[in-house]
Amino acid sequence: MKKLDGFPTSYWRTSIEASTYPKLETNLTSDVVVIGAGIAGLVTAVQLIERGYDVTLIEADRIASGTTGYTTAKVSSQHGLIYDELIQTFGEEKARLYHEANEEAIRFLRDQTTRLTIDCELEEQDAYLYVASSGPKHKQLIKEADAYSRLEINGGDATDEVRGKLPYPVEQALVIRNQVQFHPVKYLLGLARYFTEQGGKLYEQTRAMSVESKRTPTVLLESGHQIEAKKIIVATHFPFNDFKGLYFSKLEVHRSYIVSGVVDDTFPDGMFMSADQPSRSLRHTQTADGKRLGLFGGENHLSGHQTNTQANYQALAHFAESEFHVAQIDQFWSAQDLISLDRVPYIGQMTSDDPNILVATGFAKWGMTNGIAAGLLLSDLLTGTQNRFRGLFDPNRSKLNKQDAKQFAKNNADVAIELLKGKVTRASQSADDLGNDEGGLVRHAGKTVGGYRDVSGELHLVKTTCTHMGCDVKWNNGERSWDCPCHGSRFDYEGNVLEGPAVKPLKKLN
């Protein structure tokens, strides 16, 4: 297949007209401020407005401009090889709670979209997890099958079924029945319309810079304005106020990739994910003109730890072409995911000593269900409603087992290494060496800086020090962005923030 050219674009965001809510241009007071208009933020905001609260929702960019708009949009309680691990980490009771929380999220989504008449292409599909060959992952899948049985998950072995669906060898497969897939942006825009119709205040292009809670909880905005509230919910994917509770030390940031192309009617129904490496994810959707569009995902890696990310797109394109005869890749995009120390999200009071600031983060690659579960839990916490999942997702859960401690040490050792490497790395080329649509570290005025020459030949130079904690960003040639290998902040080639936790842009250079 030919090289994929151009900038990445998400099918979910380009297949529907973008939102156009106003920017907040004044100071404001509210019962609750929700920061972040992704799935967790919007579900929370809608739940609270329905319970009679005065709610303000702010978004730094546009609705679904973050991970929700760049997902595969599988709504499933099958989260890879997780249930055996959860049994080992938390015990059978809490592993069952995790599954039930995600299943409740699926039922809520079905009921809510019907009640609010949101047309988001909700479609029931079974979810399959498989390995293509014997080996360590196959042994883990066998243990996972036993966990399904112990937790009474609706599914089990589906090896023969998957062998009949996929065009390549499958050693063993599991299934969870009655899962769903949908159009995530249509869902969020439907929630936004309903939220504002019910009196909710929604502002886009309104970036929060910090949160203060010594007296009155207050969100300080990039514009210089502020919002005072009784409660503040941080639903920004990676908490931008991550020094509170040291969340930067408890989250690992991963990036994964998707390509899409038209497939024929032989493309299988179902949502598929391989447990092997390199990982592969499959599902399909229906375009407006009635074509079946295959979505092919995978190529996961730590964010900021690969520079030739274009190769990841090419690998997925080759997979789509060789296995499913996709003649042309229509679009390609990528997403960022945050993984907690124990693989269970942090949802609830951000720190044990401050009841006025709540957080939702660490959804791993399963934000469609975990994000909904977060919205339901957060709204219950704010209204004093009992919720049996509170302890499971509590961000301040005290249990730090051996595996958690090991992961904590690894995460922060990696950060220290990247911080040091960035300070001693020197450019091997001058700015004049860059061709059109090329970027990387360059020598300029005797210093190593970040450079990108756009398709028209204009040179863009930035200082490569991340504005979050001072690590040095790396060039991402697939996205044309500068990515931080320490905590996943991302900036466009002009230095503007694409993803947090950073809230300030890179310094531009002449």
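**Close-up 1. Strand β1 pairs with strand β10 in the parallel sense over 7 bridges.** In this predicted model, strand β1 covers residues 28-35, and its partner β10 covers residues 226-234. Within this pairing, Val34 has Ile233 of β10 as its bridge partner. Strand β1 also pairs with strand β2 (residues 55-58), again in the parallel sense, over 4 bridges, and here Val34 stands opposite Leu57 in β2. Because 6 of the 8 residues of β1 are buried, the strand is largely enclosed by the rest of the structure. Together with helix α2 (residues 39-50), the strands β1 and β2 make a β-α-β unit, which is right-handed.

**Close-up 2. An open sheet is formed by 4 strands in the order β19-β20-β21-β26.** The pairing in this sheet is antiparallel, and its edge strands are β19 (438-444) and β26 (508-509), each of which pairs on one side only. Between β19 and β20 the antiparallel pairing extends over 7 bridges, and Glu438 stands opposite Arg453 in β20. In general, the strands of a sheet pair through backbone hydrogen bonds, in either a parallel or an antiparallel manner.

**Close-up 3. Tyr452 and Tyr493 form one of the 21 aromatic pairs that the structure holds.** The ring centres of Tyr452 and Tyr493 are 4.6 Å apart and the ring planes stand at 40 degrees; since planes under 30 degrees apart would count as stacked and those over 60 as edge-to-face, the pair is tilted. Tyr452 belongs to strand β20 (residues 447-453), whereas Tyr493 lies in the loop between β24 (490-492) and β25 (497-499), so the pair ties together parts that are 41 residues apart in sequence. With a relative accessibility of 1%, Tyr452 counts as buried.

**Close-up 4. Ring pairs link Tyr130, Tyr168, Phe267, Phe296, Phe319 and Phe324 into a cluster.** One of these rings, that of Phe319, also has a charged group over it: the charged end of Arg280 sits over the Phe319 ring, 5.2 Å from its centre. A further contact between a charge and a ring involves Lys250, which lies over the face of Tyr346 at 5.3 Å from the ring centre.

**Close-up 5. A disulfide joins Cys471 to Cys486, with an S to S distance of 2.0 Å.** A search of the whole structure finds 1 disulfide. The torsion about the S-S bond of Cys471 and Cys486 is about -95 degrees, so the disulfide is left-handed. Cys471 is placed in the loop between β21 (459-462) and β22 (474-476), and Cys486 in the loop between β23 (481-483) and β24, so that the pair ties together parts that are 15 residues apart in sequence. Both Cys471 and Cys486 are buried. Cys484, by contrast, is in no disulfide, and its nearest cysteine sulfur, that of Cys466, is 4.0 Å away, whereas a disulfide requires sulfur atoms within 2.5 Å. Cys484 counts as buried, at 1% relative accessibility, and Cys120 is likewise buried, with a relative accessible area of 1%.

Terms used:
Residues numbered from 1 in each chain as written. Predicted model: local features only at pLDDT ≥ 70, side-chain atom pairs only at ≥ 80, totals over all residues. Heavy atoms only, no water. Phe/Tyr/Trp six-rings, centres within 6.5 Å; stacked < 30°, edge-to-face > 60°. Helix = DSSP H or I, 4+ residues; strand = E, 2+ residues; numbered from the N terminus. Buried < 20%, exposed > 50% of the residue type's maximum accessible area, 1.4 Å probe, protein only. Lys NZ or Arg CZ within 6 Å of the ring centre and 35° of its normal. Pairing = 2+ DSSP bridges. Right-handed = clockwise from strand over helix to strand, strands pointing away.
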